[in-house]
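Q: I am new to this structure. Please take me through one part of it closely: the side-chain pairs.

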Amino acid sequence: MHKQAPLGTMAFAGKDTMIVKVEEDLLLETAKIHSISWKESHTRFCSEDFVELHSVKHQKTYPAGEIGKGKRLFMLRHDRFVGIVSVKDSLIENLYVLPEEQRRAIPASQEIVT
């Protein structure tokens, strides 16, 4: 038996695991994941000053700009929001997962409920 997922989401089997379409109300959560993940992935080859420019406040404008370019943004929720991705046509971009959630298996059924 499947529960009906809210419009704009896809629910997977598993404890509070779902993909959620990013709308205006989730831009701050999206910015947090983007900022934390971006900083972690760029500290090895960017200056500390440049990395620190990518604060949550600064990054909040980035996902809004991507949506403005016609991209669809989605967040992975697994007990809490842990990752983001943008999609336009067949192009996947901006795939960021919180560092502490990387390399972890997230349970999902092979059937997606829309």
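How many salt bridges does the structure hold, and which residues are linked in a network of salt bridges?

A: The structure holds six salt bridges. A salt bridge here is a side-chain nitrogen of Lys or Arg within 4 Å of a carboxyl oxygen of Asp or Glu. Side chains of opposite charge can pair when their charged atoms come close.

First, the ground rules. This is a predicted model, in which local features need pLDDT of at least 70, side-chain atom pairs count only at pLDDT 80 or more, and totals for chains, interfaces and linings use all residues. Residues are numbered from 1 along each chain as its sequence is written, and side-chain values use heavy atoms, with hydrogens and water left out.

Now the network. It links E66, K69, K71 and E93. One of its pairs is E66 with K69, where the closest N and O atoms are 3.3 Å apart. E66 is buried, at 2% relative accessible area. K69 counts as exposed, at 52%. Buried means under 20% relative accessible area, exposed means over 50%, and partly exposed lies in between (1.4 Å probe, protein chains only).

Leaving aside neighbours within four places in sequence, S86 is in contact with E66, K71, R72, L73, L91, I92, E93 and N94. Contact means heavy atoms within 4.5 Å. S86 is found in strand β4, residues 81-88. Helices (H or I, at least four residues) and strands (E, at least two) are DSSP runs, numbered from the N terminus. S86 is buried, with a relative accessible area of 0%. Its side chain makes a polar contact with the side chain of N94, at 2.8 Å. A polar contact is a pair of N or O atoms within 3.5 Å; within protein, one must be able to donate a hydrogen and the other to accept it, and residues adjacent in sequence count only if both atoms are side-chain atoms.

Not counting residues up to four places away in sequence, H34 touches Q59, Y62, I84, N94 and Y96. H34 lies in helix α1. H34 is buried, at 5% relative accessible area.

E52 and K39 meet in a salt bridge through their side chains (3.4 Å, N to O). The pair links distant parts of the chain: E52 is in helix α2, K39 in helix α1, 13 residues apart. E52 is partly exposed, at 47%.

A search of the whole structure finds one aromatic pair. W38 and F50 form it, edge-to-face, with 5.8 Å centre to centre and 65 degrees between the planes. W38 is in helix α1 (residues 27-42) and F50 in helix α2 (residues 48-52), twelve residues apart. Rings of Phe, Tyr and Trp (its six-membered ring) pair if their centres lie within 6.5 Å; planes under 30 degrees apart count as stacked, over 60 as edge-to-face and the rest as tilted. W38 is buried, at 9%. F50 is partly exposed, at 38%.

Another salt bridge pairs E100 with R80 (3.0 Å, N to O). E100 lies in the segment after β5 (91-97) and R80 in the loop between β3 (72-78) and β4, so the pair ties together parts 20 residues apart in sequence. E100 is partly exposed, at 45%. R80 is partly exposed, at 34%.

Last, a charge over a ring. The charged end of R77 sits over the ring of F81, 5.1 Å from its centre. This label requires NZ of Lys or CZ of Arg within 6 Å of the ring centre and within 35 degrees of the ring normal.
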